[in-house]
Amino acid sequence: MRNQKSKINNQKIIKIAITGGKGGTGKSTIAILFANKLVKEIEKVASSATRRGGGVILCDCDVECPNDYLLLGQKLKKPQKKVYAEFPKLNKTKCKKCGLCAKTCRNNAIFQPPGKYPVFIKDLCSGCGACWIVCPHGAIEPEKEEVGQIFVNKIKDNFWLITGSAKPGLEETGPIVSQTKKFALNLAKKNKANYILFDTAPGIHCPVISAILDCDLAYAVTEPTPMGAHDLNLILDLCQKLKVKTKIILNQANLGDKTEIENITKKYKIKIDKEIPYSKKLVKAYSQGKLLNFFI
Amino acid sequence: MKICICTSGPDLNFPIDQVFGRCSYFLIVDKETEEFKVIDNEAREAMRGAGIAASQIVAGEKVEAVIVGKIGPNALTALQQSGIKVISGISGTAKEALDKFKAGKLK
């Protein structure tokens, strides 16, 4: 019900995730090329019509290592927003050393030496809050801490880059992705943008799920290698579970062996939407960190 | 007094496991009688924090020392906070380690 309502409210904003499971297959490159293509299309429409319409937001959801800004020749300056999370803090006057928090923690982030107070191990804590919910003595209090930042770069009048960035070493980055997405959506509404591209992290873990969730379409970018096929299988399975329509982009399509990729496309009944051949021009532009102004 | 030897099998003839958090078994051995209790290390399947989960199991056993190949920083701190001496860098079978420990050769 809630989903339906939000869809009606945002019906003009099309949300597309660029994902793919495997790292290094060209997700960010394709996200930028795609964003550029959409910007150009919008400009064409705008120049022929009286009403200036729309815009594109590229949202870098690879918060552990955002790099779309580098490829767009931008710098991350002052963050527009800070992202906070809550971590447990022990109130020793209330703690009865019952050990329930340590037993409950699924991340093994709480250790209790026999007969002593529990110790919270920050490196392992995801900030899920289970410990302060179960504590029968109210001895664990959530403590706010800055865990990430959101940056905005205006690249053109109708093209924005939003970058989510997590504090290095943070265990759980999914909530930062969610907040970056929320920020991007608000900016899209404010500026009447009609496309948001979410460039996700590799993998199928929490920050990737957060990025794909509630998108209208996902592009799975992969390559014709055994690892590419293996990870494509995982990401298609995930998108199916999240009920997000998925298309496949095969990068460096003329290298390697496509057989395994084709087997997977049959399994999921999804055709390869686009094949991008290996291109020296693209590699060269990428290595120089240049704005890639073409779409193959 | 009892000690904990981390092994890859459920008796003293098995070699010492190289990683504390993800070892197969904890043998809780009585130093004098050499009688032992076998604990299956359920923590080895943990997605993360296996060392802490394993420390929690061992800390509940009232042992004076843990004998193992390698141990991570989290588990080391946790065991030390529990007043347990950690002897790492040990290889060979559990029996050999026990004999050396009894002879005072392990520090």
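Two residues are in contact if their C-beta atoms, placed from the backbone, lie within 7 Å. Keep that rule in mind on this tour of a predicted model, where local features need pLDDT of at least 70, side-chain atom pairs count only at pLDDT 80 or more, and totals for chains, interfaces and linings use all residues. Residues are numbered from 1 along each chain as its sequence is written, while chains are lettered from A and ligands numbered from 1 in the order in which they are written.

**Stop 1: chain A as a whole**

Select chain A. It has 10 helices and 11 strands. Here helices (H or I, at least four residues) and strands (E, at least two) are DSSP runs, numbered from the N terminus. The C-alpha atoms of chain A fill a box of roughly 70 × 50 × 45 Å along the principal axes. Of the 296 residues in chain A, 43% are buried. A residue is buried if 20 or more other C-beta atoms, placed from the backbone, lie within 10 Å of its own, exposed if 12 or fewer, and partly exposed in between.

Now colour by domain. The domain assignment of chain A gives domain 1 (2–83 + 148–287) and domain 2 (92–138). Such bounds come from an automatic or database domain assignment. The centres of domain 1 and domain 2 of chain A, taken over C-alpha atoms, are 38 Å apart.

**Stop 2: strand β8 of chain A**

Select residues 195–199 of chain A. This is strand β8, and 5 of its 5 residues are buried, so it is largely enclosed by the rest of the structure. Which residues point which way from β8(A)? Tyr195(A), Leu197(A) and Asp199(A) point one way, and Ile196(A) and Phe198(A) the other.

Two strands pair if DSSP finds at least two bridges between them. Strand β1 (residues 14–19) of chain A pairs with β8(A) in the parallel sense over 5 bridges. Look for Lys15(A) opposite Ile196(A). Strand β2 (residues 56–60) of chain A also pairs with β8(A) in the parallel sense, over 5 bridges. There, Asp60(A) stands opposite Asp199(A). Strands of a sheet pair through backbone hydrogen bonds, either parallel or antiparallel.

**Stop 3: the nonpolar core**

Stay on Leu197(A). Leaving aside neighbours within four places in sequence, Leu197(A) is in contact with Ile16(A), Ile18(A), Ala31(A), Phe34(A), Ala35(A), Leu58(A) and Cys59(A). Leu197(A) and Ile5(B) have the most contacts inside the largest nonpolar core, which has 107 residues. A nonpolar core is a set of buried Ala, Val, Leu, Ile, Met, Phe, Trp, Tyr and Cys residues joined through C-beta atoms within 7 Å. Helix α2 (residues 27–48) of chain A gives the most to this core, with 9 residues. Domain 1 and domain 2 of chain A both give residues to this core, so it lies between them.

**Stop 4: the sheet of chain B**

Switch to chain B. Its open sheet of 5 strands has the order β3-β2-β1-β4-β5, with mixed pairing. Strands β3 and β5 (85–87) of chain B stand at the edges, each with a single partner strand, so one side of each is left without a neighbour in the sheet. The twist averages 20° from one strand to the next.

Zoom in on β5(B). Strand β4 (residues 65–67) of chain B runs parallel to β5(B), joined by 3 bridges. Ala65(B) stands opposite Lys85(B) here.

**Stop 5: where the chains meet**

Show both chains. The contact takes 13 residues from chain B and 10 residues from chain A. On the chain B side, α1 (50–59) and α2 (73–81) each supply at least two residues. Helix α1(B) gives the most to this side, with 5 residues.

Select α1(B) alone. How many of its 10 residues are buried? The count is 9. Among them are Ile52(B), Gln56(B) and Val58(B). What covers the buried residues of α1(B) includes α4 and β4 (110–111) of chain A, together with β1, β2, β4 and α2 of chain B.

**Stop 6: two loop residues**

Find Lys97(A), in the loop between β3 (81–90) and α4 (100–104) of chain A. Lys97(A) has a positive phi of about 55° although it is not a glycine. With 16 C-beta neighbours inside 10 Å, Lys97(A) counts as partly exposed.

Finish at Glu34(B), in the loop between β2 (25–30) and β3 (36–40) of chain B. The phi of Glu34(B) is positive, near 65°. Glu34(B) is exposed, with 12 other C-beta atoms within 10 Å.

Definitions and conventions
Axes are lines fitted to C-alpha atoms, for helices over the stretch in contact, and angles run from 0 to 180 degrees between N-to-C directions.
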